[in-house]
Amino acid sequence: MSGFLSSHSLQTPKEYYSSFNANSNLQEKFHNIDDEGQFRAYLGYLQDVQTRNFMLDFGNDDAWCAVDLEEEDIATLLRGVVCDQK
């Protein structure tokens, strides 16, 4: 069975998104929406008709969101994912 596993699966989401030093723009786009202030801000972004796209990364312990990701941002994130061929 094949699936996707993060090459950084032992990192917390905060550590993972902070690790994008080469692309500080991406590092600044993801925020923890478990924080009430961030949740309200991102709820506003999601209701804004000017918002082009959003990405939600959630699990049992954390929820992180980013809006208006560029093609380069997506490519950078995909380079951080490896396919597990078992």
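At 37% relative accessibility, Tyr-45 counts as partly exposed, a class that lies between buried (under 20% relative accessible area) and exposed (over 50%), as judged with a 1.4 Å probe and protein chains only. Tyr-45 is found in helix H3, residues 36-47, where helices (H or I, at least four residues) and strands (E, at least two) are DSSP runs numbered from the N terminus. Not counting residues up to four places away in sequence, Tyr-45 touches Thr-51 and Val-67, contact being heavy atoms within 4.5 Å. Tyr-45 and Val-67 are 22 residues apart in sequence, yet their C-alpha atoms are 7.3 Å apart in space.

The model is a predicted one, in which local features need pLDDT of at least 70 and side-chain atom pairs count only at pLDDT 80 or more, while totals for chains, interfaces and linings use all residues. Residues are numbered from 1 along each chain as its sequence is written, and side-chain values use heavy atoms, with hydrogens and water left out.

The secondary structure comes to four helices and five strands, which follow the pattern β-α-α-β-α-β-β-α-β along the sequence. Of the 86 residues of the chain, 23% count as buried. Among the contacts with a separation of 6 or more, 59% are between residues 24 or more positions apart.

In helix H4, the buried residues are Asp-73, Thr-76 and Leu-77. They lie on the same side of H4, because they cover an arc of only 100° around the axis, the arc being that of the directions from the helix axis to the C-beta atoms. On the other side of H4, Glu-71, Glu-72, Leu-78 and Arg-79 are exposed.

A search of the whole structure finds three salt bridges, each defined as a side-chain nitrogen of Lys or Arg within 4 Å of a carboxyl oxygen of Asp or Glu. In one of them, the side chains of Asp-73 and Lys-29 meet at 2.9 Å, N to O. This pair links distant parts of the chain, with Asp-73 in helix H4 and Lys-29 in helix H2 (residues 24-29), 44 residues apart. Asp-73 is buried, with a relative accessible area of 2%, and Lys-29 is buried, with a relative accessible area of 14%.

Arg-40 forms a salt bridge with Glu-36, the closest N and O atoms being 3.0 Å apart; these two residues are separated by about one helical turn because they are four residues apart in helix H3. Arg-40 counts as exposed at 56% relative accessibility, as does Glu-36 at 51%. Arg-52 forms a salt bridge with Glu-70, with the closest N and O atoms 2.9 Å apart. Arg-52 lies in the loop between H3 and E3 and Glu-70 in the loop between E4 and H4, so this pair ties together parts that are 18 residues apart in sequence.
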